[in-house]
Amino acid sequence: MKRVRPTHVLAGALTTALLLAASGPLRAADADAAQALAKRSNCMKCHAIDKKKDAKPWKEVAAKYKGKADAQATLIKHITTGPKVKLEDGSEEEHPIIKTKNQDEIKNLVDWLLSL
């Protein structure tokens, strides 16, 4: 029987941890909490999950950002800073800011949206 060195075990454990960390969050977003925050923040006035309203459906937004390394950061910035957005009629308005300062709630909402 071949003896495994402790340094090999440690190296294997570190490699596994790095691969898991690079693959994304280990837990899924809390969909109920994300949707509750979206409702509280009036996001549902313009957005729906899978149908067009005044703004793009969230599934379409998720598809746009799928596989992009900066997707989470970009969407967090979008919902927390109120940038100008162009509406279908060509007019522009400021995107409403999410109604929480809790970074975990904001991250959960974005993670849920990206999971659609």
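Q: What makes Lys 68 count as lying over the face of Tyr 65?
A: Lys 68 lies 5.7 Å from the ring centre of Tyr 65. A charge sits over a ring if NZ of Lys or CZ of Arg is within 6 Å of the ring centre and within 35 degrees of the ring normal; Lys 68 is therefore counted as over the face of Tyr 65. The model is predicted, so local features need pLDDT of at least 70 and side-chain atom pairs count only at pLDDT 80 or more, while totals for chains, interfaces and linings use all residues. Residues are numbered from 1 along each chain as its sequence is written, and side-chain values use heavy atoms, with hydrogens and water left out.

Q: Why is Trp 58 called buried?
A: Buried means under 20% relative accessible area, exposed over 50%, and partly exposed in between (1.4 Å probe, protein chains only). Trp 58 has a relative accessible area of 5%, so it is buried.

Q: Why does Trp 112 count as buried?
A: The relative accessibility of Trp 112 is 4%, and therefore Trp 112 is buried.

Q: What makes the aromatic pair of Trp 58 and Trp 112 edge-to-face?
A: Rings of Phe, Tyr and Trp (its six-membered ring) pair if their centres lie within 6.5 Å; planes under 30 degrees apart count as stacked, over 60 as edge-to-face and the rest as tilted. Here the centres are 5.7 Å apart and the planes stand at 80°, so the pair is edge-to-face. By this rule the count comes to one aromatic pair.

Q: Why does the pair tie together parts that are apart in sequence?
A: Trp 58 lies in helix α3 and Trp 112 in helix α5, so the pair ties together parts that are 54 residues apart in sequence. Helices (H or I, at least four residues) and strands (E, at least two) are DSSP runs, numbered from the N terminus.

Q: Which residues touch the most other members of the largest nonpolar core?
A: Among its 17 residues, these are Trp 58, Ile 98 and Leu 109. α2 (31-40), α3 (58-65), α4 (71-81) and α5 (103-115) each supply at least two residues, and α5 gives the most, with five. Such a core is a set of buried Ala, Val, Leu, Ile, Met, Phe, Trp, Tyr and Cys residues joined through side-chain atoms within 4.5 Å.
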